[in-house]
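Subject: Structure handover

Hello,

Here is the structure you are taking over. My notes on what turned up follow below it.

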Amino acid sequence: MRTMYDAVTAANIPADARMVAGYIDRIKIPPWTPADWARFPNAVKVTIVKKAATNDGHVLDVEPGDATPAEAPGWVRMRRAAGADPSVYCNLSTWPSVRAAFSSAGVAEPHYWIAHYNGDPAIPAGAVAKQYRGNVAPGYDVSSVADFWPGVDGPSSGVEIMERITVTPPNAAENAVRVFLSGSPGAAVVIRPRLGGDGFAKPMWVGDIFAWGSDHQGVGHNPTKTGGYNSKLTSHRRYDLPGAVWADINYSAAEPFEIDIVG
C-alpha cells in the first residue's frame with residue numbers, strides 16, 4: 001500500500017512525496033501549473049478533472065461544485081473511448097449514488113478513490129484508494145493507494161504489459177500457476193482479481209512466489225518473506241520479480257482471475 005498526497009496548492013505537499021494528485025482543469029480554482037508538477041520529479045502523478053466535459057485525466061472529482069454522480073458514467077465512457085482506464089473520486093456517503101448512476105446508465109463501473117476521513121488507511125473493498133485524512137497543515141490531504149492502480153500504473157507510466165493470462169482455479173484450495181517472464185530488471189506480474197457486477201472483488205490469496213533467473217538460480221523475491229506481508233487481495237497488486245524468466249505463484253481463489261506479465 002502506498003501513500004498519496006493531494007492539494008489545491010501543490011507547494012503545500014512535502015517535496016519528497018512519491019505519489020501526488022492534482023487538478024488539470026478549472027471550475028473556480030486554478031489547476032496545477034507545469035511548475036507545480038515539476039516539484040515532484042520522482043513521484044507517480046495522478047491527474048484529476050472537475051468537469052465531466054473534460055476529456056482528460058485519470059480521475060473525475062464527484063463532489064458538490066464539481067461533477068455530479070449522474071455525469072460520471074458519461075465521462076467514464078468518453079475516457080474509455082479515448083483509451084484510458086478511468087477512476088472516479090467521491091465521498092463514502094456519495095458512493096452508492098455514483099454506483100447507482102452507472103447501473104442505470106448500463107456503463108461498467110470504473111475504479112474508485114473513496115474519501116472517508118476516519119484516520120484509517122484501510123481501503124474499502126471495491127476501491128483502489130482511500131482519502132483518509134483531510135486538510136492536514138499546511139493544507140493537503142492524505143490517501144492510501146493499492147500497490148497497483150489500473151489506469152495510473154499502466155503503459156502511460158512506463159509499465160509495459162507483455163501478456164495477460166486468465167487463471168481458472170481447479171478448486172478453492174491452494175494451487176499454483178507457472179508464468180514466464182522477460183528476465184529483464186523490470187520483470188513483474190500484476191494479479192488482478194475480477195470485480196463482480198456489484199463492483200466488488202471476492203477476496204483471493206497469493207502466498208509464496210518462487211521466481212527463477214536464466215541461470216536456473218532463484219532470484220529471491222518471495223513476498224511472504226517481507227515483514228507485514230498481507231496475502232489477502234481485494235484489488236489488483238503488482239509483484240516485482242526483477243531478472244525472473246519464470247515463476248510459480250501459489251494462490252487460493254474461488255473465481256477466475258487475470259495475471260498481467262509486465263516487462
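Two strands count as paired if DSSP finds at least two bridges between them. The model is a predicted one, and the notes start with its pairing. Strand 10 and strand 15 run antiparallel and are joined by 7 bridges. Within that pairing, V179 has A247 in strand 15 as its bridge partner. Both strands belong to an open sheet of 4 strands in the order 10-15-12-13, with antiparallel pairing. Strand 10 and strand 13 (232-233) are the edge strands, each pairing on one side only.

Nonpolar cores

The largest nonpolar core has 23 residues, and those touching the most other members are V179, L181, V189, I191, I249 and I259. Two or more residues come from each of strand 9 (161-167), strand 10 (174-180), strand 11 (188-193), strand 12 (204-212), strand 15 (246-252) and strand 16 (257-262). Strand 12 contributes the most, with 4 residues. Leaving out residues up to four places away in sequence, L181 touches A187, A188, V189, L241, A244, V245, W246, A247 and I261. There is also a second, separate core of 17 residues, which includes V49, L60, C90 and W95.

Aromatic pairs

The count comes to 8 aromatic pairs. In one of them, the ring centres of W113 and W149 are 6.1 Å apart and the planes stand at 75 degrees; angles over 60 count as edge-to-face, so this pair is edge-to-face. W113 is in strand 6 (residues 111-115) and W149 in the loop between strand 8 (140-145) and strand 9, so the pair ties together parts 36 residues apart in sequence.

W212 is partly exposed at 31% relative accessible area, and W246 is partly exposed at 23% relative accessibility. Elsewhere, ring pairs link W32, W37 and F40 into a cluster.

Charged groups

The whole structure holds 9 salt bridges.

R178 forms a salt bridge with D248 (2.7 Å, N to O). R178 lies in strand 10 and D248 in strand 15, so the bridge ties together parts 70 residues apart in sequence. R178 is partly exposed, with a relative accessible area of 46%, whereas D248 is buried at 19%. The charged end of R178 also sits over the ring of W246, 4.1 Å from its centre.

R99 meets E109 in a salt bridge (2.8 Å, N to O). E109 is in the loop between helix 3 (95-105) and strand 6, and R99 is in helix 3, so the parts tied together are 10 residues apart in sequence. R99 counts as buried at 16% relative accessibility, and its charged end sits over the ring of W95, 5.7 Å from the centre.

E258 and R194 form another salt bridge (2.8 Å, N to O). E258 is buried, with a relative accessible area of 13%, while R194 is partly exposed at 43%. Finally, R164, R192 and D260 are linked in a network of salt bridges.

Regards

How values were computed:
Residues numbered from 1 in each chain as written. Predicted model: local features only at pLDDT ≥ 70, side-chain atom pairs only at ≥ 80, totals over all residues. Heavy atoms only, no water. Core = buried A, V, L, I, M, F, W, Y, C linked by side-chain atoms within 4.5 Å. Buried < 20%, exposed > 50% of the residue type's maximum accessible area, 1.4 Å probe, protein only. Contact = heavy atoms within 4.5 Å. Phe/Tyr/Trp six-rings, centres within 6.5 Å; stacked < 30°, edge-to-face > 60°. Lys NZ or Arg CZ within 6 Å of the ring centre and 35° of its normal. Salt bridge = Lys/Arg side-chain N within 4 Å of Asp/Glu carboxyl O.
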